[in-house]
Amino acid sequence: MGLDYLDQMIIHSPQPWTEFRVEKRYFEENKEVWRALEDAQAAGKVRVIGVSNFLSDDLESLLSDCRVKPAVNQILLHISNTDTALVDYCKEQNIQVEAYSPIAHGEALKNPAIAKMAEKYGVFAAQLCIRYVIQLGTVALPKTADPDHMKSNAHVDFVISDEDMKLLTNVEHISDYGDFNMFPVFSGKPLA
């Protein structure tokens, strides 16, 4: 890549995409990959190492035999898709959760309950979605190429009430991610 080091490198999925959330869990294979990431970090080639789409048992397997804990676990996390047990487990292990797709690939913007709640706070639905994951103690990783959306997405200096956080956590699950249904993480397979 022509770089002296990478800021962050992650194991993108605990299983191959073709086997995502199937019976074979790849615990030993993930330990081998993790050792390679630890070695790369020790050699100064990578500053931060982490994982993505790992469940608690995937993390437990790594933690049972590692020199360095994962710094991050990137997970699909948004209003209507909140695995609080996994978020809490990561917090207990001092693993930062990074919420990718906090706007559910735009599908959250079509949800009337989310739109109504955003209106209550005088913000756009995307801002409400980003603030939601931030209030859960996670890092929001929204995706946009539009500079105006980037600016708007950064203005999340409001607070969602505890009551509204509870309502948002229990919004009906978004089951159709449109064009993104092809990605295994949006398949609807159970998280645990």
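The questions below ask how terms are applied to this predicted model.

The model is predicted, so local features need pLDDT of at least 70 and side-chain atom pairs count only at pLDDT 80 or more, while totals for chains, interfaces and linings use all residues. Residues are numbered from 1 along each chain as its sequence is written, and side-chain values use heavy atoms, with hydrogens and water left out.

Q: How many helices and strands does the protein have, and in what pattern do they follow along the sequence?
A: Helices (H or I, at least four residues) and strands (E, at least two) are DSSP runs, numbered from the N terminus. The protein has seven helices and five strands, and along the sequence they read β-α-β-α-β-α-β-α-α-β-α-α.

Q: Why is Arg47 called exposed?
A: Exposed means over 50% relative accessible area, buried means under 20%, and partly exposed is in between (1.4 Å probe, protein chains only). Arg47 has 51% relative accessibility, and therefore counts as exposed. Arg47 lies in strand S2, residues 46-52.

Q: What makes the pair of Arg47 and Tyr5 side chains a polar contact?
A: A polar contact is a pair of N or O atoms within 3.5 Å; within protein, one must be able to donate a hydrogen and the other to accept it, and residues adjacent in sequence count only if both atoms are side-chain atoms. The side chains of Arg47 and Tyr5 make such a contact at 3.2 Å. Contact in general means heavy atoms within 4.5 Å, and leaving out residues up to four places away in sequence, Arg47 touches Tyr5, Leu6, Asp7 and Gln41. The C-alpha atoms of Arg47 and Leu6 are 6.4 Å apart, although 41 residues separate them in sequence.

Q: Why is Met150 called partly exposed?
A: The relative accessible area of Met150 is 43%, so Met150 counts as partly exposed. Met150 belongs to helix H6, residues 147-154.

Q: How do you know whether Asn81 is buried or exposed?
A: Asn81 has a relative accessible area of 10% and is therefore buried. Asn81 sits in the loop between strand S3 (72-76) and helix H3 (84-92). A polar atom of the Asn81 side chain lies 3.0 Å from the backbone oxygen of Leu76.

Q: Why are Ser101 and Ala104 called buried?
A: Ser101 counts as buried because its relative accessibility is 10%. Ala104 is buried because its relative accessible area is 0%. Ser101 is in the loop between strand S4 (96-100) and H4, and Ala104 is also placed between S4 and H4. Neither is a glycine, yet phi is positive, about 60 degrees for Ser101 and about 55 degrees for Ala104.

Q: What puts the buried residues of helix H7 on the same side?
A: In H7 (residues 162-169), Asp164, Met165 and Leu168 are buried. They cover an arc of only 105 degrees around the axis, which puts them on the same side of H7; the arc is that of the directions from the helix axis to the C-beta atoms. The face turned away from this side carries the exposed residues Asp162, Glu163 and Lys166. Cover for the buried residues of H7 includes helix H4 (112-121) and H5.

Q: Which residues touch the most other members of the largest nonpolar core?
A: A nonpolar core is a set of buried Ala, Val, Leu, Ile, Met, Phe, Trp, Tyr and Cys residues joined through side-chain atoms within 4.5 Å. Of the 48 residues in the largest one, Leu59, Leu77, Ile79, Leu128, Tyr132 and Leu168 touch the most other members. Helix H5 (residues 125-135) gives the most to this core, with seven residues.
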